[in-house]
Amino acid sequence: YVESIKFTDELAEALFARAEAVVATGSDETADWARARCEAHGIPEERRLLRGHRYGVAVIDGNENEDERAGLAEDALLYEGYGCRNAAIIWAPRALDPDPYLDAFARFRGVFPVHPEVPGALRMTQAFLEATGQPHAYGEGLEFLVSRGDPEPQQPGHVRWAEYDALDEVEVWLDAHKDAVQLVVARDELADRLATAVPVEPLGAAQRPPLDWQPDRIDTVAFLEQ
């Protein structure tokens, strides 16, 4: 990650001048930074593996059982939302009661305590939502924060609850955002009805990728073997 390494321009230029291929991951800004350096130094696209911000999405319909709700809590909260497979957005039917899902979130946090820095990071956001009258819910100690609104990923630890009237609304959105969404999680029966090019996995699977998983649908091993 560029900012944490604190590259100087001179060091970056020296490294890219010698590089035959580049692998870089981090924020979208990091990927854009690496892409510009590759262009400047003539490193072709087939020798670049650049990954920016990615996230997971959950789709529910209110028919999830207790185990599936627990799986959703793990999908959304494990790793505090920093993983590229974390369910940052939950698509739910309009007017669905969120309380059973929030209860699952609270139970999850009772087993997997939140990182001590997360409540402080969420405090200002929660206060803003409160002051502006935006619907939201949170753990008693700000172990998690869920807000209802447009389907846009928020800061780590803050999950967005987006509402749909028909499943095809979700499908259209997924098609428009397929390059940023790593995967969708949904219960099996709902997954069978979901038409999307984004990989769909069961609830509770977001943080359990298989050994042959290909982030961004790119075969990393094949890239390294070039």
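Which residues does Phe105 touch, not counting residues up to four places away in sequence? The views below start there.

**View 1. Phe105 and its contacts.** Phe105 touches Leu72, Ala73, Ala76, Leu77, Ile90, Phe144, Val146 and Val159, with residues up to four places away in sequence not counted. Contact means heavy atoms within 4.5 Å. This is a predicted model: local features need pLDDT of at least 70, side-chain atom pairs count only at pLDDT 80 or more, and totals for chains, interfaces and linings use all residues. Residues are numbered from 1 along each chain as its sequence is written, and side-chain values use heavy atoms, with hydrogens and water left out.

**View 2. The largest nonpolar core.** This core has 23 residues, of which Leu72, Ile90 and Phe105 touch the most other members. A nonpolar core is a set of buried Ala, Val, Leu, Ile, Met, Phe, Trp, Tyr and Cys residues joined through side-chain atoms within 4.5 Å. Buried means under 20% relative accessible area, exposed over 50%, and partly exposed in between (1.4 Å probe, protein chains only). At least two core residues come from each of α4 (66-77), β4 (87-93), α5 (99-111), β7 (158-164) and β8 (181-185). Helices (H or I, at least four residues) and strands (E, at least two) are DSSP runs, numbered from the N terminus. The largest share, five residues, belongs to α5. A second, separate core of 19 residues includes Val59, Trp91, Ala162 and Ala186.

**View 3. Helix α4.** The end C-alpha atoms of α4 are 16 Å apart. That agrees with the 16 Å its twelve residues should span at 1.5 Å a residue. The expected span is 1.5 Å times one less than the number of residues. Buried residues of α4 are Arg69, Gly71, Leu72, Ala73, Glu74, Asp75, Ala76 and Leu77. Their cover includes β3 (55-59), β4, α5, β7 and β8. At the start of α4, a side-chain oxygen of Asn65 reaches to within 3.1 Å of the backbone nitrogen of Asp67. Just after α4, Tyr79 has a positive phi of about 65 degrees.

**View 4. Two loop residues with positive phi.** Most residues other than glycine have a negative phi. Ala95, in the loop between β4 and α5, has a positive phi of about 75 degrees. Ala95 is exposed, with a relative accessible area of 68%. Asp216 sits in the loop between β9 (200-201) and α9 (220-224). Its phi is positive too, near 60 degrees. Asp216 counts as buried, at 14% relative accessibility.

Terms used. A polar contact is a pair of N or O atoms within 3.5 Å; within protein, one must be able to donate a hydrogen and the other to accept it, and residues adjacent in sequence count only if both atoms are side-chain atoms.
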